[in-house]
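This report describes selected features of one protein structure. The sequence and the structure come next.

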Amino acid sequence: MTGRRRGPGLRGRITLLATGLVAAVSVLLLWLGWLLAGGVVASVPSLPEGTTVLVDGVRVRAEQLAEVLADNARDRVLLAGSVAFVCVVAATALLAWLITGRVLRPLREVTATAHRLSVESLGERIGHRGARDEVAELADTFDAMLDRLQAAFSTQRQFVANASHELRTPLAVIRTELDVTLADPNADEAELRRMAEVVRAATLRAGELVEALLVLARTDGLGVGATGPVDLSTVIAGAWRSARTEAERRGITATFHDGGPTVIGDSALLERVAGNLLENAVRHNTDGGWIDVRTHRGPQWTTLTVSSSGRPVDPHRVAELFEPFRRGGVDRTAQTGTGLGLSIVRAVARAHGGHVSAEPVPGGGLSVTVHLPSVAHV
């Protein structure tokens, strides 16, 4: 690809503009001085006819004195003005070049930093220390943009590393089971069925992880799609049907307090939010534990709160629960779940203009509240 030919830089254009303006003003002043000098000298007193006067060593007749003096004055003004014109224009060009260079230095630093930047060198900053003007504001804005980019790249690298690790586990299980079974020439039907069950479970886990990654990427990148009135009670009921069997098997009791709220949003994503919260409440619960689900509509926020019993949670590590591939805030390599449940909940809530909060339940367990904007009329 061939680059387009660049014209004079901003520094050169500003210098040419300043020099041209000063040259034009100087020419105008020189012309006015030339006119004024001739007019002033032309008003000298008149002398008697026949009188001669010495002007610069030359005898001039009285009737020609005014014309000669005017021409002489104009020539002197023109000579001195031309010298001053050259000096002023040259000084203006030099000062404009130096001053614009100093003023535009942060812009050159921005350009040089942008040329040097890569994924490995996002830590560079301009760090402008000059006057707090528009150029300084541009440099600070560029530094702030680099801070956001660096944070985004760091998060992306960590997320990709974690996702690769999580996907490697079921793939390693599948490969190991296949290698062991194929290496055994005496493998019977029971052994083959056991291998198939293990491979099926690992495949399902990888599929769940990929689906969760797609949902998270869609929500973070594209936001909410089609929106409309969504009844939270209906969403919760649909999500509970998927988690109910496991809860009943473990003797977990669920209580629902329906506030009947309706929100505007993507019904599929909101059902995923309720499903993830209920699945986590069942998965990380204790046998014979409890789950409490409440919805409430306030003037500003409509809330969905899912509380459950379970293992004690360190209050200082609650924020870690919303990071990708965190399970219980401590175990990232657990064999159940994808580790993306609460990350998806947070992403969906943000996409709807809301937020999520969580706090430990006294005695063990966790309470998670999703805040969604309330609507006056639906």
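**Surface patch and sheet**

Helix α1 (residues 10–41) supplies the largest share of the nonpolar patch, seven residues. The model is predicted: local features need pLDDT of at least 70 and side-chain atom pairs pLDDT 80 or more, whereas totals for chains, interfaces and linings use all residues. Residues are numbered from 1 along each chain as its sequence is written, and side-chain values use heavy atoms, without hydrogens and water.

The patch consists of V25, L28, L29, W31, L32, W34, L35 and L78, with about 740 Å² of accessible area together (Shrake-Rupley method, 1.4 Å probe). Patch residues have over 30% relative accessible area and no salt bridge, and nonpolar side chains are joined within 5 Å; a salt bridge is a Lys or Arg side-chain nitrogen within 4 Å of an Asp or Glu carboxyl oxygen. W34 lies in helix α1 and is partly exposed, with a relative accessible area of 31% (between 20% and 50%).

An open sheet of five strands has mixed pairing and the order β4-β6-β7-β9-β8. Its edge strands, β4 and β8, each pair on one side only. Pairing requires at least two DSSP bridges; helices (H or I, at least four residues) and strands (E, at least two) are DSSP runs.

| Strand | Residues |
|---|---|
| β4 | 253–257 |
| β6 | 290–297 |
| β7 | 301–308 |
| β8 | 355–360 |
| β9 | 366–373 |

Strands β8 and β9 run antiparallel and are joined by six bridges; S357 has T369 in β9 as its bridge partner.

Helix α7 (residues 267–283) lies across β6, β7 and β9, at about 25 degrees to β7. Contact means heavy atoms within 4.5 Å, and angles run from 0 to 180 degrees between N-to-C directions of axes fitted to C-alpha atoms, for helices over the stretch in contact.

Conventions
Patch = residues over 30% accessible without salt bridge, like charges linked within 9 Å, V, L, I, M, F, W, Y side chains within 5 Å. Buried < 20%, exposed > 50% of the residue type's maximum accessible area, 1.4 Å probe, protein only.
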